[in-house]
Amino acid sequence: MLSDKEIKKQLKIEAMKNPDKYYAVKVLKNKGFIRKQCKCGIYFWTVNQDQDHCGDSVCSGGFRFFKDNPAKKKLGYIQVWQEFSKMFKSFGYTPINRYPVVARWNETTDFTMASIAGFQPYVVSGEVEPPAEKLVIPQFCLRFPDIDNVGITGSHMTGFVMIGQHMFVPEDKWDQDKVFSDILQWLTDGLGLPLSEITFHEDAWAGGGNSGPCMEFFSRGVEIGNQVYMLYEGSGEERKELKLKILDMGMGQERCAWFTQATNTIYEAVFPTVIEKLLSRTGAVYDDKFMKKYAIYAGMLNLDEVEDIDKAWKYVADKVGMGVDELKQKIGPMTGIFSIAEHTRSLLFALSDGALPSNVGGGYNLRVLIRRALSFIDRFGWDIRLAEVCRWHAEYLKQLFPELIENLDQIDKILEVERSKYEATKQKTESIVSRIIEKNEKIDEEKLIELYDSEGINPQLIAEEAKKSGREIEIPEDFFAKVAEKHERKEKELIAEKKEKLDIDMIPGTELLYYKGDELTEFTAKALKIIGKNVVLDKTLFYPTGGGQVYDKGTINSQEVVEVFKQGAVIVHLLKDKPLFSEGEEVEGILDSERRKQLSQHHSATHIVNAAAKRVLGSHINQAGAKKTEEKAHLDITHYQSITPEEQQAIEEEANRIVEEKIPIYKTIMPRREAERKYGMRIYQGGAVPGKEIRIVEIPEVDVEACGGTHLNNTSDIGRVRIIKTTKIQDGIVRIIFTAGKASEKLSAYEENILGEAAKLLKCDCNQVPARVEELFSLWKKIVKKKKDIEFRLVSEERFEGDALAKACEMLRTQSEHFVKTIRRFLAQIDEKKAGK
C-alpha cells in the first residue's frame, strides 16, 4: 500500500506528462500563459516569455513585493474576506460561517487545520450533504509546527484564516475550467494583479485515501493559495474516480492582506491595532528603516527549510549590515511583540471555542503558546496581560467574528490561572537547576525538553540560572516546535473492546426497538445466530454498552441476559447459560425495566449536570467523557482548575432546579446536515458521531446533543440529583461523580444510617455530627501539634477556663487515639460509598 507521499509523487509524474487532462490548460492558454520548467523541476505557467524561474521565494530570491508592489488593490485584513465573499457570491457560491477551531466532530484531530476540515469526514465521503454544492468559508485554523518561526521570519503564524473555495458535486456538474477561472478572476480583479505578476505551479495532492491534481498560485515569491481537485480514491492500478468531485481551494486571508499592503511583516497587516497598542504599552522602538531591510531576508530564517540555521543567521546579518549577535538583539523586542500578538489571537479563538491549556493532547500546544508569550514578557520586563491583548483582538475582529466578544471574561480567568502556574514554575526552577548543576548533569536538548515536559520550565530560565554558575546552555532554535511535535498525537481514553470477534459479518443489522418507545418492556424476535452463549436476534429492546452507558439486562425465553454488546451494526446478547432454543426460532425478550429506568435517569441527568456546570463555571465547559451505571454516573468536563465546594453545591442546585422545571426531553432522528444547521456543532458534546442520520436529544433552553443513549421523557422523571464528589483526573479535566433518582435515595438512606451510628458514638443529634467531628478533629490537631501555643489560644479565646483546659487535654490524651480511628473509619465508609470504591 502506497503512502500519501508516494501517491502524490506518482500522480504528479503522470500529470506532468499529460497536463491537458489534469489542469485547466485551455483557460491558461486562452489567457496567454505558457508552460515552462524551473531548475527546481517544477512545471509552471506564466505569460512572461523571459521568466526562467517558478516564482517560489527560494528560486526567485525571496519575497519581492515590498517595493513596487504589483497589487492595485490595498486590502485591509477584514476587507479581504468581504471582497472575496462578495465576488464569489456573484459567481454562485454560498458564503457560510466558520466552523469551530476545536474539531469535536472529528475524532482524528484536536483542531481544525484547513478549510476542508469542517466537511471531513462525512461530506467528503458523500455520506452527508454539504451546506451548499458551491460555498466559500473564512475558516480559522491552528497549526503548531511553526511556533519557533513566529516573530522571526515575519510571515509565520500558528493561527490563520484559510479562505476556502469548495465545491461538492457529481461528475456531470464538475467544471474544473470554471472553478479555476473563478480564482484567476479573484487574483486579477480582487487583488488587482496583472497576469504578468501571476505564476501557476503544477502539483498533486494526496491524503486520507483520496488524491487529485493541484494548482498553486504565486506572485513575487509569495504563495497566495492553491486549488486541489480531489478526483480519485486509491492508487496505482486500483485508483478509481470518486463519484463526488471535490474542489478544495485554500488561500490565506493573512497572506492576501500582507501582500496587497506590502507591510514589513504579516503581523502589521493582520492585526495592526494590536501591534500599535503593544508598542505603546511596552515602549519598544519600531525601527522602520531596519525592518525594511530585514523583511526582505527574514524568510530565509525558516527553521523548516534551513539545514544550517547558524549559517542562515550569518547570511541575513551580512545582508542587513551587522553581526549575528547584534541582529538577534536588535530583532529581539519585535520578535516578542509579534509573537505575543500572534499567540494571543490563536488562544482567543481556541479558548473561545472551548479548548483548554493542559499537559495532554492539543491543549499542550496551547500551553506552549501561553508560556512562550509569557517568557517574552518576562525577558523584556513588560507590563502586559495576555487577556487584555485577547480583548484587543476581539474588538478588532468583531465585524468578522462577533462571537469572540462573548467569552472574554472566561478567557481572562483561564489565562490568569495559567499565569499563576507559570509563576509557580519559575519559583521552583532555581532549585531544580541548582541540583542538576551540583550533580554536574548534562543539560542538552533532550534534557531541556524533559524539563519543559515534566516541570514546565522554560529553557530560557534554565539558561539564565546555569549562567550564574558559569555554564552556557545552548537552546535549539526550534525548541518549541520539537516540544509540540512530541505531543502532536491526541491522547485518548481507550474504550475496551471485545477481544473475541464473532463470525457474524453476513448477519444483517439489528432493528433497534429501544428507540421505538420508552414504555416497551417486552418483545418478540427471531434468533438469527447462536454462537456458544452469544445470541443474535433480528430485533432487540436491549441497549448494548455504548456512549458511556452500560448494557441492559433481562431475559430471553426466561434465560438470563448478562451482557449486551455491539459488533458493527449487529447487537449480541450474552446469556448466562447456553441457550435452550435454536436458530430460526421465535423468542420472547423481557427487559429489566427498573435497571433501564435507573440507567436512563443517570444518562438524562448527565446532560443536565453538563448544562448546569456550563451555567455555573462558564461556556468553556465541554464533555470530555462520561459513564453511566446502575449505581452512579460520572461526567468528565473540561475545566482549568479543581471545582470548589461552593461551585459543586451550585452545580447540584442548578441541576435540581432544571429537574424541577419539568421540561420535556425530545429525542429525534434527523439528517446530520439538518441537525448541524439547526443546532450548530455544539451537538457533538460526546465527540464524533458516525452516520448520515443522527439522534438528537434536546432539553429546550438547557441542552442539545447528538446522543444514542436511552433517556426519559421529562426532566421531572430524573428525580433528585446528588453530586457525591468532584476530582481532577488530569490537567484540564474534572470528574463529577453523581447519582440520580432511586440511586440518590439509596445513597441518602445509607448516609443516614452512618450518621446515626456516629451520633450514638458522639452522644449528639445526627444534625450535630459534622460540626462535632470538625470541632474535635480541629482541637486535637492543635493540641498534638503545639500544646503551649494552643493553651494560650484557647484561654485567650475564652473557650475554656481554669482547670477545664487541663481536663480537656487529659481526656483527649487518653481517649483520642480510639476516638479518632473510629470517626475516621465512619467518614471513610461514607467517602468510599460515595466514590463507589
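**View 1. Both faces of strand β19, side chain by side chain.** In this predicted model, A633, L635 and I637 point one way from β19, while H634, D636 and T638 go the other way, and all of them are buried. That's six of six residues buried for β19 (residues 633-638), so the strand is largely enclosed by the rest of the structure. Buried here is under 20% relative accessible area.

**View 2. β19 and its partner β18.** Strand β18 covers residues 623-628 and pairs with β19 in the antiparallel sense, with five bridges between them. To get your bearings, look for Q623, which sits opposite I637 of β19. The link from β18 to β19 is a hairpin through four residues.

**View 3. β19 and its partner β24.** β19 also pairs with strand β24 (residues 733-740), again in the antiparallel sense, this time over six bridges. A handy pair to pick out is T638 with its bridge partner in β24, I733.

**View 4. Helices α15 and α17 where they cross.** Here we jump to helix α15 (residues 408-438) and helix α17 (residues 459-468), whose axes come within 9 Å and cross at roughly 55°. That angle makes α15 oblique to α17, and the crossing is right-handed. On the α15 side, the contact uses K426, T429, E430, V433 and I437; α17 brings L461, I462, E465 and A466. Sorted by type, the residues of this α15 and α17 contact come out as five nonpolar, one polar and three charged.

Key. Residues are numbered from 1 along each chain as its sequence is written. This is a predicted model: local features need pLDDT of at least 70, side-chain atom pairs count only at pLDDT 80 or more; totals for chains, interfaces and linings use all residues. Side-chain values use heavy atoms; hydrogens and water are left out. Buried means under 20% relative accessible area, exposed over 50%, partly exposed in between (1.4 Å probe, protein chains only). Helices (H or I, at least four residues) and strands (E, at least two) are DSSP runs, numbered from the N terminus. Two strands pair if DSSP finds at least two bridges between them. Axes are lines fitted to C-alpha atoms, for helices over the stretch in contact, and angles run from 0 to 180 degrees between N-to-C directions. Angles under 35 degrees count as roughly parallel, over 145 as roughly antiparallel, 65 to 115 as roughly perpendicular and the rest as oblique. A crossing is left-handed if the near helix is turned anticlockwise from the far one by less than a right angle, and right-handed if clockwise. Contact means heavy atoms within 4.5 Å. Ala, Val, Leu, Ile, Met, Phe, Trp, Tyr, Cys and Pro count as nonpolar, Asp, Glu, Lys and Arg as charged, and the others, Gly among them, as polar.
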